[in-house]
Amino acid sequence: MKPDRHEQIRSLLSAYLDEELTQADSQRVRLHLEDCAECREQLAQLERLKQLTGELVFPDPPEQEWEEVERRLSVRITRGVGWMLVCGGAVGLLIYSLVMALLHWRPPTVREILGGIVLVGALLLFFSVLRQRLLELPHDRYRRVKQ
Ligand SMILES: [Zn+2]
């Protein structure tokens, strides 16, 4: 076997695998492969590589998208429940404190005053964050569509 022909065949292997060769070239490669174990091995390697890259280039997109949607949804739900608990708890505590103060009026203790200040501060922070998130919502949606 002449070495130049051997190299020539190797340069054709990739196209042979993709069935892009002319009938004559394809025949030449086939004949060479019949008595060249080295080139057969080369072809097998190319085949494996093609399979691997094929799997990488064409993953199952719908499934991947669903996982992404599910992940986003679970993050949103967790965050939403978190905010609801913080907000509901804070409002509830505020109402309870007011009712108790009205029912059993007495001068508030320092601890109660400080607690009230912290509570009002937390509520202000919460509503400012909530307002910001509502303002960012259209932008958020646009970004999601772009992805
Ligand atoms: Zn060969």
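Select Cys 39 to begin: this residue is buried, with a relative accessible area of 0%. Buried here means under 20% relative accessible area, exposed over 50%, and partly exposed in between, using a 1.4 Å probe on protein chains only.

Before moving on, note the ground rules. This is a predicted model, in which local features need pLDDT of at least 70 and side-chain atom pairs count only at pLDDT 80 or more, while totals for chains, interfaces and linings use all residues. Residues are numbered from 1 along each chain as its sequence is written, and side-chain values use heavy atoms, with hydrogens and water left out.

**Stop 1: the zinc ion**

Show the zinc ion next. Which atoms coordinate it? The donors are His 6 (ND1), His 32 (NE2), Cys 36 (SG) and Cys 39 (SG), at 2.0 to 2.3 Å. Donors are N, O and S atoms within 2.8 Å of the metal (3.2 Å for Na, K and Ca); water is not among the atoms, so sites may look incomplete. The site is tetrahedral, with angles of 98 to 122° among the four donor atoms. The ideal angle for four tetrahedral donors is 109.5 degrees.

Along the sequence, the donor residues follow the spacing H-x25-H-x3-C-x2-C. His 6 sits in helix α1 and Cys 39 in helix α3, so this pair ties together parts that are 33 residues apart in sequence. Helices are DSSP runs (H or I, at least four residues), numbered from the N terminus.

**Stop 2: around the donors**

Select His 6. This residue is buried, at 14% relative accessible area. Neighbours within four places in sequence aside, His 6 contacts His 32, Cys 36, Glu 38 and Cys 39. Contact means heavy atoms within 4.5 Å. Now click Cys 36: it is buried too, at 6%.

How many disulfides are there? The count is zero, where a disulfide is a pair of cysteine sulfur atoms within 2.5 Å.

**Stop 3: the nonpolar core**

Select Ile 9, Leu 12, Leu 13, Tyr 16, Leu 17, Leu 21, Val 29, Leu 33, Cys 36, Cys 39 and Leu 43. These eleven residues form the largest nonpolar core. Such a core is a set of buried Ala, Val, Leu, Ile, Met, Phe, Trp, Tyr and Cys residues joined through side-chain atoms within 4.5 Å. Helices α1 (3–17), α2 (23–34) and α3 (37–57) each supply at least two of its residues. α1 gives the most, with five.

**Stop 4: confidence**

Colour by pLDDT, the predictor's confidence in each residue, from 0 to 100. The chain's mean is 81, and 85% of its residues reach 70 or more. Among the elements, α2 has the highest mean (94) and helix α5 (residues 110–146) the lowest (76).

Methods. Tetrahedral: all angles 85-135°; square planar, octahedral: opposite > 155°, others 65-115°.
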